[in-house]
Amino acid sequence: MNMELLNFYKKTSAYTELGNYKDFAYSLPNDIKTLCLLQRRQIIHPITVIEALNGKNDFHVSNTRLVFEDDIFPTAGSMLNELLRLDKNYSVKRKDEDRIYITCRGQAILLAAILKAKGYSARVRSGFAPYIKYDGVAHDHWITEYFNDKEKRWILVDPDMCLDEIKFNPFDMPRCEFVFGAQAYLGLRTKHYKDEEILFATNPPTFGFKAAIRGLFYDFYSLMNEEGIFLHLPKYIVDKNFALSEEEFKELDTLATLLLDVDKNFGEIQNIWNNVLKYRIRKGALN
C-alpha cells in the first residue's frame, strides 16, 4: 500500500481534528466493535427523535432542542465537547437526555476522528445504503473506512447502524453492501439504477441524479479530507438546480470513474481537487 496515501489519511481536517480531546479519544477502546457500540450509545439519530416526539418509541427526548443537532455540532471536536459537557462519564449507560441528536454523517466523522487519534489511516465515505430499510431503495448514508495494518486492507464500518438488524457484520462490511456516491452516479448514467432507487432524505425526498450528485461530491470532499456539511455542494451545480449540460455530466463521469478505485487513482483525484476549482467553490448557508 502507498505510504504517502496512508499518511494522508492519518491527517485531520477541521471536522476530524480533536485538539484537546486527542488523549481522551486515544484512551477509548481499541476493539472496533466495542468502540462503535460505545459511540452509538452516546447518540440518538434524529429520525428516532422525531419518532419519540410522536410517541412511536420510548426514548426520552426534548422538544425544545434541535432535532438535527448536526447544525450546531458539525465537527468531531464539537460533538465530544458537548457529550462530555453533558456527562463526563462516556459510557454505554448514558441517559437519553445527555445524548446528542446526530445523523450518520456525524457518526462517521466522529469515528474517523477517534481512529485518527489512535494512529489509524481513516476516511469518511458517503453514498447510499440499500440496507437502511431493505425496501429496494438505496438511502443516502455515511460510513467510516480505516486501514488495518495487520491485514493490509481497508475495512468499512457502519457506526450508525451497528445496533440495527442488518444482514452482515457492520464492523467489517462487505463492500458490495454499500453504494458509494460514484457508483450511484455512474449507475444512473448507465441505467443500472432507476431514479427511484437512489434517494437523498430531504422532505419531500430527492431521487435520481440530484441525490447521486450529492453523494458523489460528499464522498469526493471526504476523500480529500474536507468532509463538509450537507449544505456544502459546488455552487455552479446548486445555482443550476442540478440541471447540467451533457458536457458537464461528462466531466462528472471522469471524476466518478476515478473514484471507483480511490487508491489506484489517488494522484489523479488529487490533481482534480487542486485544479478544477469549480468543484471546490461551494454553496453554503451564507455563501
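This is a predicted model: local features need pLDDT of at least 70, side-chain atom pairs count only at pLDDT 80 or more; totals for chains, interfaces and linings use all residues.
E145 itself belongs to strand 4, which covers residues 138–148. Its relative accessible area is 0%, and buried means under 20%, so E145 counts as buried.

The side chain of R123 is joined to the side chain of E145 at 2.7 Å, and the side chain of R125 is joined to that of E145 at 2.9 Å.

A second residue, I50, is in helix 4, which runs over residues 46–53. I50 has a relative accessible area of 34% and is therefore partly exposed. Together with I47 and F68, I50 forms a nonpolar patch on the surface. The accessible area of I47, I50 and F68 together is about 240 Å².

Exposed means over 50% relative accessible area; K167 has 70%, so K167 is exposed. Along the chain, K167 and Y134 are 33 residues apart, and their C-alpha atoms are separated by 9.9 Å.

The table sets out the accessibility of these residues.

| Residue | Relative accessible area | Class |
|---|---|---|
| E145 | 0% | buried |
| I50 | 34% | partly exposed |
| K167 | 70% | exposed |

Terms used:
Residues are numbered from 1 along each chain as its sequence is written. Side-chain values use heavy atoms; hydrogens and water are left out. Helices (H or I, at least four residues) and strands (E, at least two) are DSSP runs, numbered from the N terminus. Buried means under 20% relative accessible area, exposed over 50%, partly exposed in between (1.4 Å probe, protein chains only). A polar contact is a pair of N or O atoms within 3.5 Å; within protein, one must be able to donate a hydrogen and the other to accept it, and residues adjacent in sequence count only if both atoms are side-chain atoms. Patches are made of residues with over 30% relative accessible area and no salt bridge: like charges are joined within 9 Å, nonpolar side chains (Val, Leu, Ile, Met, Phe, Trp, Tyr) within 5 Å. Accessible areas come from the Shrake-Rupley method with a 1.4 Å probe; for residues, only the protein chains shown count as cover. A salt bridge is a side-chain nitrogen of Lys or Arg within 4 Å of a carboxyl oxygen of Asp or Glu.
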